[in-house]
Amino acid sequence: MNSQKHFVLHSQWPPSGDQPQAIDSLTKSIMAGNRFQTLKGVTGSGKTFTVANVIANLDRPALILAHNKTLAAQLYSEFKAFFPENAVRYFVSYYDYYQPEAYIPQTDTYIEKDASVNDRIERLRLSATKALIERHDLIVVASVSCIYGLGMRETYENAIISFHVGDKLDEREFLARLVGNYYERTDFTPEPGKFRVRGDTVEIFPAYEDETCIRATFFDDEIERIDITHPLTGHVIETVKEASIFPAQHYVTQEDSISNAAPKIQEELSRIVAEFTAKGKFVEAQRIKMRTLYDLEMLTEAGYCSGIENYSVYLDGRTHGQPPGTLIDFFPEDFLLIVDESHITLPQVHGMYNGDKARKNVLVENGFRLPSCMDNRPLQWNEFESRIKQAVFVSATPGDYEINSSSVIAEQIIRPTGIPDPEVDVLPAENQIDDVIDKLRENVKRGERSLVLTLTKKSSEDLADFLKELQFRVKYIHSELNTFERAELIRDLRAGKIDVLVGINLLREGMDLPEVTFVAILDADREGYLRSYRSLIQIMGRAARNVNSRVILYADVMTDSIAQAVNETKRRRARQVSYNEENNITPVSITKSVKDLLPSELSAAYGDVSHSGNREGTRRTKSPGKMSVSELERAMWDAVDKLDFERAAVLRDLIAEKERENKKA
């Protein structure tokens, strides 16, 4: 089913500077069979372009792993531009808001799972797995969501409905299979994940795309015709001989999976209740008994229960301890892993399992979940590592793991634009605020942009408020903003709508900001994660795309991290200036059009998100502030009818908030 098509790289410019030698070195190393290699490239040296050339040379599927959604979105946009003829897909968490189930013993507080699913992101995820099964010329840009349980690939593939013109197939059986694959019947709305029946014609709107419809026409018990049509107009785009319908969700269960799982769940429940009782933990015994029996009743009667993922080990037919199926399992054996900003991404992958395990241990110990819930988890580090056949680690400051395990370390110091690393000054921290304000004013007069890095959220907020009082066009970028809002701030900075961004550490990796000429790092001598050597180098890199760049570190003590970062910057700058002189290169600031950081499909996905209280990402078709209580209630009960209890809970909270607002009015 996997079609063979070659990667075709589109670029206006050929590789330059250090790029040719890096591309050649990495390509040869991978083709020689070496497992790990590192691309150590300064900010602005075109590491993404180098990686794109390596992928094109190898002509193999690639998984590009990023440590957050914003960076993943930027990479997705760049690789789509490099490979417009090939399949580039996006796979990140589909939750706009996610509160995992938890229990706090100290206060006897149980926190229910609460989440809001982004349907558009789920569609992009489904499109990624579909492409992995159908194509070889594929690049998937993913966050660490790719190491979480997705369901077993074999079960997913077995659920694909393939049919040809002339196939003998009962229409009712066909419809039953669609329902079994989580498609919903509709008579009106042509939405992804639904189908409608008109006489002998069945129209299926695939869950993984919104621009096509598959129309199957029956004659008695035979498929007479298959058309690809426009979902709204019904216009026939193409008539085909065969088609395939992929499931409307990743987690697919087989027909007998629930009946097979129920006795095993009951057996584990009996054992755990007996253990709690023997220890005198009668409350815990009663709690787990009531919760599990209710879930079992829901599973057997409705085929679903809230928290069904906690029983995935039985529903999947796995053994205890066996790793769950993940996105990585959908890749062929020869896939190439690219870890962007590896010094951040790899430690993040390393810590996912332990964090998940610690939270679930508390739930199990207090009778909220069976121990088998521990099998619904992200991959452990050794499991992730064993799935990597060959990888390229990409970073300006690779970690010890990357350096020690790589057969080849390709260094990119020379930028195609000839821009050297910024000049770095270390000034006293005593009067840092006054000094920063003076330099920000100078920058604003020149029409240039600035970044100011603080150590704490409170200091960032206070500084942003103070600068605003001084008539600076300033914004504070923080962790409570969603992907879309952070992308909007970055775009506004580049467009000149704001002159200064103040933040903590969200501005370090992967942001392409050629208009920024000044970076101020406050309290640079406070040794720690935010002021480590690698962090300082990354922060300085934000000012490495403009010839007028300057970085100031405010510090009263010359720490080892500051000394190392300053010396490394001077080393790079000396080599860059020397290269420019030898090749008669005049540095030119990078000029890039200001456009949305997110591609159109991601802007649509993240842009229709609103906030409710501290919840980030309640999906809407109408602003919650403009929706009446009755409209919200209809939406809530519609979610209940669809067994989407997480979404219903979010709507329930919105209703309560709306009612409180109405009472105040």
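Biologist: How do β1 and β19 pair, and over how many bridges?
Modeller: Strand β1 (residues 36-41) runs parallel to β19, and the two share five bridges. Two strands count as paired if DSSP finds at least two bridges between them. Helices (H or I, at least four residues) and strands (E, at least two) are DSSP runs, numbered from the N terminus.

Biologist: What are the ground rules for the coordinates?
Modeller: This is a predicted model, in which local features need pLDDT of at least 70 and side-chain atom pairs count only at pLDDT 80 or more, while totals for chains, interfaces and linings use all residues. Residues are numbered from 1 along each chain as its sequence is written, and side-chain values use heavy atoms, with hydrogens and water left out.

Biologist: Back to the sheet. What is the strand order?
Modeller: The order is β3-β8-β2-β17-β18-β1-β19, an open sheet of seven strands with parallel pairing. From one strand to the next the twist averages 15°.

Biologist: Which strands does α1 touch?
Modeller: Helix α1 (residues 19-31) packs on the sheet and touches β1, β17 (336-340), β18 (390-395) and β19. The direction of α1 makes about 165° with that of β19. Axes are lines fitted to C-alpha atoms, for helices over the stretch in contact, and angles run from 0 to 180 degrees between N-to-C directions. Contact means heavy atoms within 4.5 Å.

Biologist: Now the helix pair α7 and α8. What are the angle and axis distance?
Modeller: Helix α7 (residues 257-278) packs against helix α8 (residues 282-302) at about 170°, and their axes are 9 Å apart. The two are therefore roughly antiparallel. The angle classes are under 35 degrees for roughly parallel, over 145 for roughly antiparallel, 65 to 115 for roughly perpendicular and oblique for the rest.

Biologist: Which residues meet there?
Modeller: From α7 they include Ile258, Ile265, Leu269 and Phe276, and from α8 they include Phe282, Ile288, Leu293 and Leu296. By class the contact has 13 nonpolar, four polar and two charged residues. In that count Ala, Val, Leu, Ile, Met, Phe, Trp, Tyr, Cys and Pro are nonpolar, Asp, Glu, Lys and Arg are charged, and the others, Gly among them, are polar.

Biologist: Where does aspartate 499 sit, and is it buried or exposed?
Modeller: Aspartate 499 is in the loop between α15 (483-495) and β23. It counts as buried because its relative accessibility is 8%. Not counting residues up to four places away in sequence, aspartate 499 touches Val444, Glu448, Arg449, Ser450, Arg473 and Leu493.

Biologist: What about the phi of aspartate 108 and glutamine 471?
Modeller: Most residues other than glycine have a negative phi. Aspartate 108 has a positive phi of about 50°, and glutamine 471 a positive phi of about 75°. Aspartate 108 lies in the loop between β5 (102-104) and β6 (109-111), and at 53% relative accessibility it counts as exposed. Glutamine 471 lies in the loop between α14 (457-469) and β22 (474-476), and is exposed at 68% relative accessible area.

Terms used. Buried < 20%, exposed > 50% of the residue type's maximum accessible area, 1.4 Å probe, protein only.
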